[in-house]
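Subject: Structure handover

Hello,

Here is the structure we talked about. Please open it and keep it on screen while you read.

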Amino acid sequence: MIRLHVPPLEPADAHEVNSVLDSGFLVQGARVAEFEQAFAKQVGVAHAVAVTNCTAALHLALLALDVRPGDLVPVTTYSWLATANVIELCGAQPVFIDITADTQSMDPARLAETLKRLMANDETRRRVRAVLPVHAFGQMADMPALLEITGRYGLPVVEDAACAMGAGMAGKSAGAWGVMGCFSFHPRKAITTGEGGMLSTDDPVLVRRLRALRNHGLDPDSATLDFVLPGMNCRMTEFQAALGLAQLRRFDAILAQRRALAARYDAMLHETPVRPPVHVNGRTPVYQSYVVQLPNHAAPRRAEIIASLKSHGIETTIGTWHMPMTTYYRTRYGYRPGDFPVTDQVFQSSLTLPLHHRLSEADQREVVSRLLQECER
Ligand SMILES: *Cc1c(COP(=O)(O)O)cnc(C)c1O
């Protein structure tokens with residue numbers, strides 16, 4: 001089977017994990033602190049806060065910004081469900097913003113329109129609390145344009161950078177643009193700790209709130225035990241941090257290899273009916289997923305194509321989810337096809353191809369030739 005993804009673990013990583021188990025100190029200690037510091041340096045921010053997963057990171061980010069019941073949070077349409085679910089879990093309401101076809105991330109023009117409307121009305125203006133774009137599949141959203149628009153209204157931006165560790169534009173990394181960035185170490189991401197997540201921020205007030213929120217509300221700066229807000233338990237374990245640190249040391253090589261594999265797919269797909277991911281000038285993608293667009297005549301058969309490729313030993317999957325059209329959001333807010341035309345189109349024609357360090361050139365040829373055959377039927 002040509003797998004969709006294989007985590008880049010090495011036998012030596014087990015030694016790092018074992019040394020933690022031997023130490024007997026298992027949760028949020030020296031290894032977590034070391035992982036946080038190395039991660040902050042990687043992103044180019046002052047602080048990083050390790051948590052249990054990226055869903056928790058997104059949730060804590062909204063709680064740290066005081067997102068409350070009744071608030072409105074403009075968010076991209078096309079993402080893993082966690083991105084919108086955390087807004088609902090705060091009692092707030094997502095305001096979905098369509099994507100651009102090239103980046104597959106939040107369209108600045110649609111955000112500008114929506115904010116203009118919400119901010120012109122006294123009742124809605126008071127409720128808009130934060131804006132939540134996603135760097136889809138590790139390709140940067142248009143952060144300069146998005147920040148210019150949110151800056152007009154003084155709104156904070158939280159970046160869902162779950163897939164975007166190492167991505168950047170204009171010399172600045174994903175997670176260093178907004179007030180906070182949220183990252184994932186799920187096994188499908190570039191480096192993994194099993195489950196795991198991280199927040200990045202430059203703001204000393206927010207970092208203090210985040211550290212309290214992840215640990216039962218305990219004041220992280222007080223010499224005595226003092227609980228200053230209602231927090232949760234979102235602490236990372238020491239063995240997860242040890243695993244994360246081991247991969248972080250190899251991160252440049254891991255990324256270089258992913259980019260080389262992506263470039264090889266790009267070349268193989270050149271001048272075929274299957275469209276490779278769009279490269280936007282000046283942005284460095286990281287290819288958490290390598291997502292192609294099927295030709296229009298093949299897109300309606302995508303489920304069959306996925307099944308047929310699987311029967312030939314090739315694991316593929318859809319891109320990600322059209323969140324407003326999932327049952328919960330569609331029935332709660334009454335969305336219909338056509339409300340988000342770009343997402344409608346991108347969602348149905350996207351296909352993720354295998355991309356991992358064990359993938360050989362022959363594997364990639366096999367994937368592409370089978371895929372092209374399937375599209376021709
Ligand atoms: C993976 C992912 C998440 C969730 O991350 P977990 O660590 O699994 O909670 C959130 N947003 C996006 C865009 C993702 O790809």
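This is a predicted model: local features need pLDDT of at least 70, side-chain atom pairs count only at pLDDT 80 or more; totals for chains, interfaces and linings use all residues.

Residues are numbered from 1 along each chain as its sequence is written, and side-chain values use heavy atoms, with hydrogens and water left out.

**Sheets**

Helices (H or I, at least four residues) and strands (E, at least two) are DSSP runs, numbered from the N terminus. Two strands pair if DSSP finds at least two bridges between them.

Start with the open sheet of four strands. Its order is S1-S9-S8-S5, and the pairing is mixed. Strand S1 (47-51) and strand S5 (158-160) are at the edges with a single partner strand each, so one side of each has no neighbour in the sheet. From one strand to the next, the twist averages 20°. Angles run from 0 to 180 degrees between N-to-C directions, and axes are lines fitted to C-alpha atoms, for helices over the stretch in contact.

Now look at S8 (residues 180-184) and S9 (residues 197-201). They run antiparallel and are joined by four bridges. Opposite Gly181 you will find Ser200 in S9. Helix H8 (residues 204-213) lies across S1, S8 and S9, and runs at about 15° to S1.

Three other strands form an open sheet, in the order S7-S6-S10, with antiparallel pairing. Here S7 (172-173) and S10 (283-284) stand at the edges; each has a single partner strand, so one side of each lacks a neighbour in the sheet. Strand S6 (residues 168-169) is joined to S10 by two bridges. Met169 has Arg283 in S10 as its bridge partner.

**Two packed helices**

Two packed helices are described by the angle between their axes and the distance between the axes. Helix H5 (residues 108-119) packs with helix H7 (residues 143-152) at about 10°, and their axes are 9 Å apart. That makes H5 roughly parallel to H7. The cut-offs are: under 35 degrees is roughly parallel, over 145 roughly antiparallel, 65 to 115 roughly perpendicular, and the rest oblique.

Which residues of H5 and H7 make the contact? H5 supplies Pro108, Leu111, Ala112 and Leu115, and H7 supplies Ala145, Leu146, Ile149, Thr150 and Arg152. Contact means heavy atoms within 4.5 Å. By class, seven residues are nonpolar, one is polar and one is charged. Ala, Val, Leu, Ile, Met, Phe, Trp, Tyr, Cys and Pro count as nonpolar; Asp, Glu, Lys and Arg as charged; the others, Gly among them, as polar.

**Pockets and cavities**

The search uses a 1 Å grid over the protein atoms alone: a cavity is a set of points where a 1.4 Å probe fits but cannot get out, a pocket is an open set with protein on both sides within 12 Å along at least five of seven lines, and lining residues have an atom within 4 Å of a point. Points are joined across faces, edges and corners, and a volume is the space filled by probe spheres set on the points.

The largest pocket has a volume of about 590 Å³. Of its 31 lining residues, Trp80, Cys163, Lys189, Gln288 and Thr320 are the closest to its centre. The lining has 13 nonpolar, 14 polar and four charged residues. H3 gives the largest share, three residues.

The second largest pocket has about 190 Å³. Its lining includes Leu63, Asp66 and Arg209.

The whole structure has three cavities of 30 Å³ or more. The largest cavity holds about 150 Å³. Among its 13 lining residues, Ala136, Phe137, Gln139, Pro277 and Val278 lie nearest its centre.

Best wishes
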